[in-house]
Amino acid sequence: MRHLDAEALRALSAGEREEVAYFREHLARPCEECMDFLARTPGPGLLDGQVDELLLHLAPPREEPRLDEVGLARIRRALRGRAASPWRKVAATVALAAGLAGLVLLTQSQLRSPRQEVAWDGVKGDGLKGVGRLSLELSVVAHGPGEALRRLDPGAAASEADVLVLRYHATEAGEALLFQQRGNASPELLGRFPLQAGTHELEGPQGLVGVSLEGESGPLTLWLVGFPSGQVPTPDEVREALTRGHLEEREQLSIERFDLRVHNRQNPRPR
Amino acid sequence: MRRVGASRELTEWVLRAARGEEPAFSELYRRSRPLVARLLAGFAPLDADEVEDVIQETYVRAFKALPRLKEPAAFEAWLLSIARNRARTRLERKSQARRLDEEISDPQPESTPLLPEALQLERDMAVVRQLIDELPEGEEKKTVHLFYVEGQLSAREIAEKLGVGKSAVTMRLERFRARIKQELLRRVLAGRWE
């Protein structure tokens, strides 16, 4: 008795009559060997996808899906040749959590530093604050390979080997969108995160968030945009607002900007 | 169960994306992601990070090749084929069964579906339901019912619910799926290829 193998599949795909007739009969009953081969072997053609499509549509449809903005942002980023994967970055920095404990006081004192609090006026600049109920402040620490965590001041230089950990202070619980902007390019969404009242590191569902600078070069801006829960703007609205500065009708947003300059081998730090 | 109208709408978005209309990519992603995520929920050994990475890799490959997709109506099947291959490659690399530079190749966008779309869908679904009904009462039937018919729990959650290892759940699902694949191949041989 013959069973499916690569050669048989090729013959079937070519429509060889004898093979078609034989396997039409042979497959009329469950055949463990053929099933095992089919389970291990992709195709032929789109058959695997059609099988999955059929099976996955057996269940009752769920409610109309919402757009996963963060996932789409990752895909757009990868399509532009930026293969960095934010969730991998997260995993890479979870181990930093213990090291951060020693930095809490430093960053807290930085958070308490006398930075000017002004209402968002549509013009980008350091220390911009929203006038909504949620107020947000941001500080950044960098971790390079083989070195301790160091606090970054706005406008500081960082290395492409650094991973940035964000620490925020929120006056109440809410949510935040984190964007990254290279030079004058459009801000790219890195993720959406819950905010807790008080001072905390930015965390996502997988743990502590770290922003890898791998592959970056030149001026880079991080935007952390906070908003009260239940008043969620779309990332496109926020991106548009960040780009054009039209936030007059978005007073519930609290916007924190952090500029830095990334150096790499092609773009070394000036000595 | 899939609505034929929804399938036609999806095809329209595929055509618009193939013409380079940016919002169409968002819409394709919004509409198809739950199905891709559901497929990957059957791969219990993949953790949440890995699932997200596979989803990203799937869409990057699909969106790059979309303009060459010969049969827009086959988008969903093509996308799921890519997702399955990416998940399997990831799992095999994890178990070191496959070298890092090796991977399962995706179906070409020029591929045409073996089964006629939509026309036989209802009949194919009836066949699958019958095959599920005919499974002997036991753990495999329970697993298949929970994952495919109820469609709420992931393979990991089913493993927890049934008190078995997560690989056992994935193996049961793969075994049943192979049975369906055999049946669909036989139906293709009995019809279109002769």
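In this predicted model, the second largest pocket draws on both chains: helix 3 (32-40) of chain A, plus helix 4 (75-94) and helix 8 (166-190) of chain B, each put at least two residues into its lining. Helix 8 of chain B is the top contributor, with six residues. The pocket holds about 480 Å³ of space, and 18 residues line it, with Ala39(A), Arg40(A), Thr170(B), Met171(B) and Glu174(B) sitting closest to its centre. Sorted by class, the lining comes out as eight nonpolar, seven charged and three polar residues.

Helix 4 of chain B turns up again in a helix pair across the two chains. Its axis and that of helix 4 (residues 47-56) of chain A come within 7 Å, crossing at roughly 105°, which means the two helices are roughly perpendicular. On the chain A side, the contact is made by Asp48(A), Gly49(A), Gln50(A), Asp52(A), Glu53(A) and Leu56(A), while helix 4 of chain B brings in Glu76(B), Ala77(B), Leu80(B), Ser81(B) and Arg84(B).

As for the interface as a whole, 59 residues of chain A are in contact with 68 residues of chain B. Between them the chains bury about 5,900 Å², and carbon and sulfur atoms account for 62% of that area. On the chain B side, Arg30(B), Lys181(B) and Gln182(B) provide 13% of the area buried against chain A, more than any other three residues.

Conventions. Residues are numbered from 1 along each chain as its sequence is written. Chains are lettered from A and ligands numbered from 1 in the order in which they are written. This is a predicted model: local features need pLDDT of at least 70, side-chain atom pairs count only at pLDDT 80 or more; totals for chains, interfaces and linings use all residues. Side-chain values use heavy atoms; hydrogens and water are left out. On a 1 Å grid over the protein atoms alone, a cavity is a set of points where a 1.4 Å probe fits but cannot get out, and a pocket is an open set with protein on both sides within 12 Å along at least five of seven lines; lining residues have an atom within 4 Å of a point. Grid points are joined across faces, edges and corners, and a volume is the space filled by probe spheres set on the points. Helices (H or I, at least four residues) and strands (E, at least two) are DSSP runs, numbered from the N terminus. Ala, Val, Leu, Ile, Met, Phe, Trp, Tyr, Cys and Pro count as nonpolar, Asp, Glu, Lys and Arg as charged, and the others, Gly among them, as polar. Axes are lines fitted to C-alpha atoms, for helices over the stretch in contact, and angles run from 0 to 180 degrees between N-to-C directions. Angles under 35 degrees count as roughly parallel, over 145 as roughly antiparallel, 65 to 115 as roughly perpendicular and the rest as oblique. Contact means heavy atoms within 4.5 Å. Buried area is the accessible area (1.4 Å probe) that two parts lose on being put together, summed over both.
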